[in-house]
Amino acid sequence: MDHTGFFSGYLASGSWRGVAVQVVIVLVGTAIYTPFVKLSERVGELQAEMLRNELTEYLKEQNKTDTALSLLDRRDSMGILARNMAAQLRIDVEKKNLTMGYQPQFNCEGKMTGAEALLRWRYMGEAVYPPLAVALAQEDGFFDRLTECVIEISMKACSRLLTLGSPVTISANISGEQLNSPRFVEKVIRMAESYGVAGYYCLEITEESAVDKMEEIPQHIGRLKAAGIMAAVDDFSMGRTSLKYLQHNSFYAVKLDGSLVRGIVGNKRNQEIVSSIIALGRNLDFEVMAEYVETEEIRSLLESMGCSQYQGYLYSPAVPLQNLEEMLLEQKGNI
């Protein structure tokens with residue numbers, strides 16, 4: 001109610017008591033109505049959370065069967081949520097308003113040598129399963145913009161760490177298709193020049209793509225290397241695609257497939273595969289890093305096999321940039 005409404009109370013009663021009565025009515029009405037508003041908001045939040053969980057589980061199930069995804073075309077509540085999430089994600093990408101986490105990487109001496117930039121996008125204040133955000137961006141046609149935004153934010157973080165005197169390599173994921181794109185590669189090179197991160201930035205290429213159909217990848221890796229941007233193969237195994245990457249390309253590092261690392265203890269076959277990859281690294285001059293290092297037993301076994309670069313919960317989950325800075329400053333103070 002505005003001031004005119006209160007004045008009408010005065011006119012009706014000829015006294016300010018009429019105004020007082022109106023004030024009391026407004027306050028009582030608000031007190032009665034507010035709990036119902038809050039309850040309605042809470043119900044809406046719970047419904048959104050339930051649908052978000054259903055959407056996440058649906059994505060996981062579809063990925064297990066390699067079924068083509070169609071989240072945005074669904075004509076149900078999950079489809080409505082997916083379209084709303086995609087629209088918000090697109091806005092956040094354009095505004096460069098993405099939450100990022102940085103998972104530290106350590107060597108066998110316990111020194112932090114780098115960190116992987118990981119998308120930690122939030123929708124309605126809640127963290128979203130990262131592959132779901134990626135799937136929405138891919139289906140809605142702005143995956144390249146999402147990746148470019150992640151790279152720019154993480155390059156800015158890398159630049160900040162350099163100015164603080166904490167030089168570590170920051171890495172971010174791209175797809176094989178993006179590495180094969182001249183426009184995409186040129187844009188990454190320009191961003192690296194702008195932020196001054198040559199020698200301290202790495203692109204991790206996911207290995208599921210059919211690289212034999214991507215003729216420009218070797219040339220683009222060479223261009224990136226000349227610009228001071230390193231390249232690594234993510235989720236490396238002994239599969240055809242992984243080996244194809246090594247056949248013609250000069251990678252700085254490969255990251256062991258997580259399933260190999262998680263299953264390495266007590267599994268001779270996994271151990272033999274990892275040992276073969278480490279031997280390849282020595283012969284072809286690339287680093288081998290293990291992700292999903294979650295126990296001291298796994299780390300010790302990897303070290304005994306010759307792998308000396310680690311990333312995983314044994315050391316740290318992905319953390320905000322400020323926490324990463326604090327970890328680096330603490331490390332610097334202990335040297």
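**Entry 1**

I looked up Arg183 and found it partly exposed, at 45% relative accessibility (buried means under 20% relative accessible area, exposed over 50%, partly exposed in between, with a 1.4 Å probe and protein chains only). I was working on a predicted model, in which local features need pLDDT of at least 70, side-chain atom pairs count only at pLDDT 80 or more, and totals for chains, interfaces and linings use all residues. Residues are numbered from 1 along each chain as its sequence is written, and side-chain values use heavy atoms, with hydrogens and water left out.

I then checked for a salt bridge (a side-chain nitrogen of Lys or Arg within 4 Å of a carboxyl oxygen of Asp or Glu). Arg183 has one with Glu148, with 2.9 Å between the closest N and O atoms. This pair links distant parts of the chain, as Glu148 sits in helix H5 and Arg183 in helix H7 (residues 182–195), 35 residues apart. Helices (H or I, at least four residues) and strands (E, at least two) are DSSP runs, numbered from the N terminus. Glu148 is buried, at a relative accessible area of 2%.

**Entry 2: Arg145 and Glu94**

I found a salt bridge between Arg145 and Glu94, with the closest N and O atoms 3.5 Å apart. Arg145 belongs to helix H5 (residues 143–163) and Glu94 to helix H3 (residues 77–94), 51 residues apart. Arg145 is partly exposed at 26% relative accessibility, and Glu94 is partly exposed at 48%.

**Entry 3: Glu204 and Lys255**

I noted a salt bridge between the side chains of Glu204 and Lys255, at 3.0 Å from N to O. Glu204 is in strand E6 (residues 201–206) and Lys255 in strand E8, so the pair ties together parts 51 residues apart in sequence. Glu204 is buried, with a relative accessible area of 2%, and Lys255 is buried at 2% relative accessibility.

I also noted a network, joined by salt bridges that share partners, of Glu94, Asp144, Arg145, Glu148, Arg183 and Lys187. Over the whole structure, the search gave 16 salt bridges.

**Entry 4: strand E8**

I followed E8 (residues 253–256) from Lys255. Ala253 and Lys255 point one way, Val254 and Leu256 the other, and all are buried. E8 runs parallel to strand E7 (residues 229–236), joined by three bridges (two strands pair if DSSP finds at least two bridges between them). Val254 in E8 has Val233 opposite. E8 also pairs in the parallel sense with strand E9 (residues 287–290), over four bridges. Leu256 has Ala290 in E9 as its bridge partner.
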